[in-house]
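Here are my notes for your first look at this model. Keep the structure open and check each point as you read.

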Amino acid sequence: MMRVAKFEHVNVTVANPDRTAAMLCDLFGWHVRWKGPSKAGGYTIHVGTEEDYVALYALPDQQKARRDSYHITGAINHFGILVDDLDATEQKILAAGIETHSHQTYDPGSRFYFHDHDGIEWEVLSYA
């Protein structure tokens, strides 16, 4: 009998994988699982938990996205991060000098969003 498939990772291009990895480790308690050279002369860091992670990829020469991702077919709009304590996590994000926005509560939980230094949107949510 085949097991239900599980989401394991996503790969996103960032300006500085080390900087983004440090931010994610600090904010969410994650750790670097692997880092090294990767596809097309790039550099990648895998950051997350033992079960799943975000691959942070950069090329020596790359372009920044020109438009809001919600208007580009195939773009990633945001990453949703589930936490136990939404208020404590938000305080940690604010203390890091990052603005939060779009606070919402509806069934089944509460959430807010923030944009990182690359303009990537992160949704932080809790069902507690």
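How many bridges join S7 to S8, and do they run parallel or antiparallel? There are six bridges, and the two strands run antiparallel. Please keep in mind that this is a predicted model.

1. **The sheet.** Start with the open sheet of four strands. Their order is S5-S8-S7-S6, and the pairing is mixed. S5 and S6 (100–106) stand at the edges. Each of these two has a single partner strand, so one side of each is left without a neighbour in the sheet. From one strand to the next, the twist averages 20°. As background, strands of a sheet pair through backbone hydrogen bonds, either parallel or antiparallel.

2. **S6 and S7.** These two strands run antiparallel and are joined by five bridges. Find histidine 101 and look across to S7: its bridge partner there is tyrosine 113. Then find tyrosine 106, which stands opposite glycine 109 in S7. A hairpin of two residues connects S6 to S7. S7 itself is mostly covered, with five of its seven residues buried.

3. **The cis peptide bond.** Look now at the loop between S6 and S7, where proline 108 lies. The peptide bond from aspartate 107 to proline 108 is cis. Its omega is near 20°.

4. **S7 and S8.** Follow the chain to the next hairpin, that of S7 and S8. Five residues lie between the strands here. Glycine 119 takes a positive phi in this hairpin, near 85°. Check one bridge pair as well: histidine 115 has glutamate 121 in S8 as its partner.

5. How many salt bridges does a search of the whole structure find? It finds two. One is formed by arginine 111 and glutamate 123, whose closest N and O atoms are 2.7 Å apart. The pair links distant parts of the chain, 12 residues apart. Arginine 111 sits in S7 (residues 109–115), and glutamate 123 sits in S8 (residues 121–126). Are these two residues buried or exposed? Both are buried.

6. Glutamate 51 lies in the loop between S3 (42–48) and S4, and lysine 6 in the segment before S1, so the pair ties together parts that are 45 residues apart in sequence. Glutamate 51 has a relative accessible area of 53%, so it counts as exposed. Lysine 6 is partly exposed, at 47% relative accessibility. The cut-off explains the two labels: exposed means over 50%.

7. **Two positive phi values outside glycine.** Alanine 40 is not a glycine, yet its phi is positive, at about 60°. This alanine 40 is in the loop between S2 (31–38) and S3. With 65% relative accessibility, alanine 40 counts as exposed. Serine 102 also has a positive phi, near 55°. Where is serine 102 found? It is in strand S6. Its relative accessible area is 38%, so serine 102 is partly exposed.

8. **The largest pocket.** This pocket holds about 660 Å³ of space. Its lining has 26 residues. Thr13, Ala65, Asp118, Gly119 and Ile120 lie nearest its centre. Which strand gives the largest share of the lining? That is S1 (residues 9–13), with three residues. By class, the lining divides into 10 nonpolar, 11 polar and five charged residues.

9. **The second largest pocket.** Here the space is about 290 Å³. Residues lining it include Phe7, Val10, Trp30, Asp52, Tyr53 and Phe79. Two elements give two or more residues each: S4 (53–58) and S5 (79–82). S5 gives the most, with four residues. The lining has eight nonpolar, three polar and one charged residues.

Conventions
Residues are numbered from 1 along each chain as its sequence is written. This is a predicted model: local features need pLDDT of at least 70, side-chain atom pairs count only at pLDDT 80 or more; totals for chains, interfaces and linings use all residues. Side-chain values use heavy atoms; hydrogens and water are left out. On a 1 Å grid over the protein atoms alone, a cavity is a set of points where a 1.4 Å probe fits but cannot get out, and a pocket is an open set with protein on both sides within 12 Å along at least five of seven lines; lining residues have an atom within 4 Å of a point. Grid points are joined across faces, edges and corners, and a volume is the space filled by probe spheres set on the points. Ala, Val, Leu, Ile, Met, Phe, Trp, Tyr, Cys and Pro count as nonpolar, Asp, Glu, Lys and Arg as charged, and the others, Gly among them, as polar. A salt bridge is a side-chain nitrogen of Lys or Arg within 4 Å of a carboxyl oxygen of Asp or Glu. Buried means under 20% relative accessible area, exposed over 50%, partly exposed in between (1.4 Å probe, protein chains only). Two strands pair if DSSP finds at least two bridges between them. Axes are lines fitted to C-alpha atoms, for helices over the stretch in contact, and angles run from 0 to 180 degrees between N-to-C directions.
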